[in-house]
Amino acid sequence: MYKIILLLDFAEEYSKSLLKGISKYSAEHGPWTYCRMPLYYRETIGIKGILDWAKDWGAHGIIGQLYNEMDLKLIIDSKIPVIAQDFKERFSELPNITGAYHEAGEMGAEYFLKKGFKNFAFYGFNDIVWSRERAEGFEKKINSVGYKVNYFEHRKSRSTDLWYYKSNSLSKWLISLPKPIALMTCDDNQGLHITEACKQNKIRIPEEVAVLGVDNDEMLCDLSDPPLSSIGLDIEKGGYDTARLMEHMIQNGTEQYYDIHVKPTQIITRQSTDIYATNDDYIASTLKYIHKNIEKNLQVDEVVRQVPLSRRTLEKRFHQITGYPIYKYIFNLRIEKFTQKLLETDQTVFEIALDLGLNDSKNIARQFKQVKGCNPIEYRKRYLAGK
């Protein structure tokens with residue numbers, strides 16, 4: 001039986017998802033036993049105290065958030081397998097639980113570009129790897145199509161502002177931004193800062209500022225007003241892979257290791273980004289109506305009746321702005337909503353179809369297969385298998 005010390009933030013949703021993956025692996029390959037060590041041990045007893053505690057307990061390994069300034073030689077000399085969550089920067093001499101941060105930034109950029117935005121911003125911290133690389137991925141994609149990214153205080157925000165933020169300077173920045181603007185934040189906590197500051201300054205979300213977070217921490221996303229859209233991460237799979245690596249290091253020595261990369265999976269659209277950016281009032285009104293009524297059996301004729309334009313004129317302007325005919329835009333949005341419900345709930349295909357106002361579940365399943373390459377049940381199984 002392996003004995004593992006967990007030095008994690010147990011109140012944080014990211015850590016909870018990691019633990020789910022770790023416990024799943026140990027249930028399949030264990031049993032393992034754990035010592036849940038609170039984070040304040042980092043400050044009170046330091047790495048030497050943690051390693052002494054591990055030796056006295058007979059620990060086989062440690063998984064945790066460690067400071068980069070800690071004496072890594074003590075860890076390496078101890079011969080205890082250690083896997084570190086990249087709290088601020090990646091470790092060069094230890095395996096990291098890290099992320100495909102550039103990929104998440106690019107995903108956010110592509111999402112906003114498809115929504116027709118031409119103004120972009122990023123809110124985060126330049127001295128934390130997961131924030132900095134998400135910003136780099138976001139900016140690279142935005143720059144590649146000829147646009148620029150606005151940064152808060154020219155990237156001078158500090159990691160000490162993770163929980164406390166400077167509301168006055170943040171408010172001035174938000175007010176100064178060109179509108180409408182697509183704003184990505186480095187995580188959901190910072191996304192909540194943005195929605196709070198917008199509310200204080202009567203900046204409309206998503207009409208003036210569309211806000212996207214990362215982590216899909218449902219508590220934070222629902223706490224936001226309006227609810228915060230976010231990039232979901234395959235954190236549970238990261239925990240599972242971490243436990244597998246830990247077992248490998250215990251059996252084969254601490255010199256044989258690799259980094260664990262937590263991948264972004266999908267964007268969960270909530271009200272904070274549920275809009276398409278356009279200065280054409282008729283198209284904006286049309287898009288708002290589509291998004292508001294997508295969970296009904298929405299038809300093009302019904303959409304056309306909402307604006308004082310002929311069907312031909314509306315279709316032409318709609319296609320020019322969005323790149324899609326109205327029926328195709330409705331189809332794409334319906335598949336997006338269907339996929340979201342498929343992955344986030346345990347509802348049957350029939351129940352999801354009913355939620356979207358559809359009586360023919362076989363038809364939506366057939367359409368889903370055309371887009372995703374497999375039927376909904378297979379898609380759900382693949383996703384769950386990856387976790």
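Colleague: Where does Lys-79 lie?

Modeller: Helices and strands here are DSSP runs (H or I of at least four residues for helices, E of at least two for strands), numbered from the N terminus. Lys-79 lies in the loop between α4 (72–78) and β4 (82–85). This is a predicted model, in which local features need pLDDT of at least 70 and side-chain atom pairs count only at pLDDT 80 or more, while totals for chains, interfaces and linings use all residues. Residues are numbered from 1 along each chain as its sequence is written, and side-chain values use heavy atoms, with hydrogens and water left out.

Colleague: Is Lys-79 buried or exposed?

Modeller: Buried means under 20% relative accessible area, exposed means over 50%, and partly exposed is in between, with a 1.4 Å probe and protein chains only. Lys-79 has a relative accessible area of 56%, and therefore counts as exposed. Its phi is near 65°, a positive value in a residue other than glycine.

Colleague: Which phi does Asn-216 have, and is Asn-216 buried or exposed?

Modeller: Asn-216, which is not a glycine either, has a positive phi of about 50°, and this residue is found in the loop between β9 and α9. With a relative accessible area of 15%, Asn-216 is buried.

Colleague: What does the side chain of Arg-42 reach?

Modeller: A polar contact is a pair of N or O atoms within 3.5 Å; within protein, one must be able to donate a hydrogen and the other to accept it, and residues adjacent in sequence count only if both atoms are side-chain atoms. The side chain of Arg-42 reaches the backbone oxygen of Gln-65 at 3.4 Å. Arg-42 has its place in helix α2 (residues 40–44), and at 8% relative accessibility it counts as buried.

Colleague: In which helix is Asp-222 found, and why does Asp-222 count as exposed?

Modeller: Asp-222 is found in helix α9 (residues 218–223), and this residue counts as exposed because its relative accessibility is 52%.
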